[in-house]
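Trainee: Could we go through this protein chain together, one question at a time?
Mentor: Gladly; here it is.

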Amino acid sequence: MAFATVAVRPFVNNTSKIGLCFGLLSVLLGAALVWPAHRIGRTNEAVRAWPVAEGRVAAAEVVQRGRSAFVPAVTYAFVVGGRSFSGTTLAFGADMTRATSAEAARELPAAGATVTVRYDPADPARCALRASERVAALSVTGVRWGVGLMITGALSFVACLVAAH
């Protein structure tokens, strides 16, 4: 239990305390980045492998949020195994906010259009029209930054523990 003794012992100077706090904070922030980025990335990858069904767009519109944010909103219906389902997700984890209504409208299929719906075979109500390329790239970036922060924090933490002796 040498580590516990070292961790509880008062430190000689404030620099060590600041370094330890920085190290611990970096590890926690890194973990906070890695977990959701990894989870969203895995969901996005799963969507690519999900079975597909033909669906029909019931409604498609651009919704304004705030003064300068526009979001494409869609409702579609599809049938799996004789049961009817509906969905509203374009792509999981994707920030669909756009700067102009025209950009948001480009994301939308037309009302009444036939679309390919990807659905979770364990729960067909969990569905999306596509996987997101942007989410895949952001997920990898989030994991990389998170791991980098965790390594930096761990090294800082260990260096300050060693310096305190």
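**Fold, core and aromatic rings**

Mentor: Read along the sequence, the protein chain runs α-α-β-β-β-α-β-β-α, where helices (H or I, at least four residues) and strands (E, at least two) are DSSP runs numbered from the N terminus. This is a predicted model, in which local features need pLDDT of at least 70 and side-chain atom pairs count only at pLDDT 80 or more, while totals for chains, interfaces and linings use all residues. Residues are numbered from 1 along each chain as its sequence is written, and side-chain values use heavy atoms, with hydrogens and water left out.

Trainee: How many helices and strands does the protein chain have?
Mentor: The pattern α-α-β-β-β-α-β-β-α lists the elements in sequence order. Counted by kind, the protein chain has four helices and five strands.

Trainee: Is Phe-78 buried or exposed?
Mentor: Contact means heavy atoms within 4.5 Å, and, not counting residues up to four places away in sequence, Phe-78 touches several residues, including Phe-85, Val-117, Tyr-119 and Cys-127. Because its relative accessibility is 3%, Phe-78 counts as buried.

Trainee: What kind of aromatic pair do Phe-78 and Phe-85 form?
Mentor: Rings of Phe, Tyr and Trp (its six-membered ring) pair if their centres lie within 6.5 Å, and planes under 30 degrees apart count as stacked, over 60 as edge-to-face and the rest as tilted. A search of the whole structure finds three aromatic pairs. Tyr-76 and Phe-78 form a tilted one, at 6.4 Å centre to centre with 35 degrees between the planes. For Phe-78 and Phe-85 the values are 5.7 Å centre to centre and 25 degrees between the planes, and this pair is stacked.

Trainee: Which residues form one aromatic cluster?
Mentor: Tyr-76 is buried, with a relative accessible area of 0%, and Phe-85 is buried as well, at 11%. The cluster is formed by Tyr-76, Phe-78, Phe-85 and Tyr-119.

Trainee: Which residues does Asp-120 touch, not counting residues up to four places away in sequence?
Mentor: Asp-120 has its place in strand 4, and at 13% relative accessibility Asp-120 counts as buried. With residues up to four places away in sequence not counted, Asp-120 touches Trp-50 and Arg-126.

Trainee: What is the relative accessible area of Leu-155?
Mentor: Leu-155 lies in helix 4 (residues 133-163). Leu-155 is exposed, with a relative accessible area of 59%.

Trainee: What percentage of the 165 residues of the protein chain count as buried?
Mentor: Individual residues such as Tyr-76 are buried, whereas Leu-155 is exposed. Over the 165 residues of the protein chain, the share that counts as buried is 33%.

Notes. Buried < 20%, exposed > 50% of the residue type's maximum accessible area, 1.4 Å probe, protein only.
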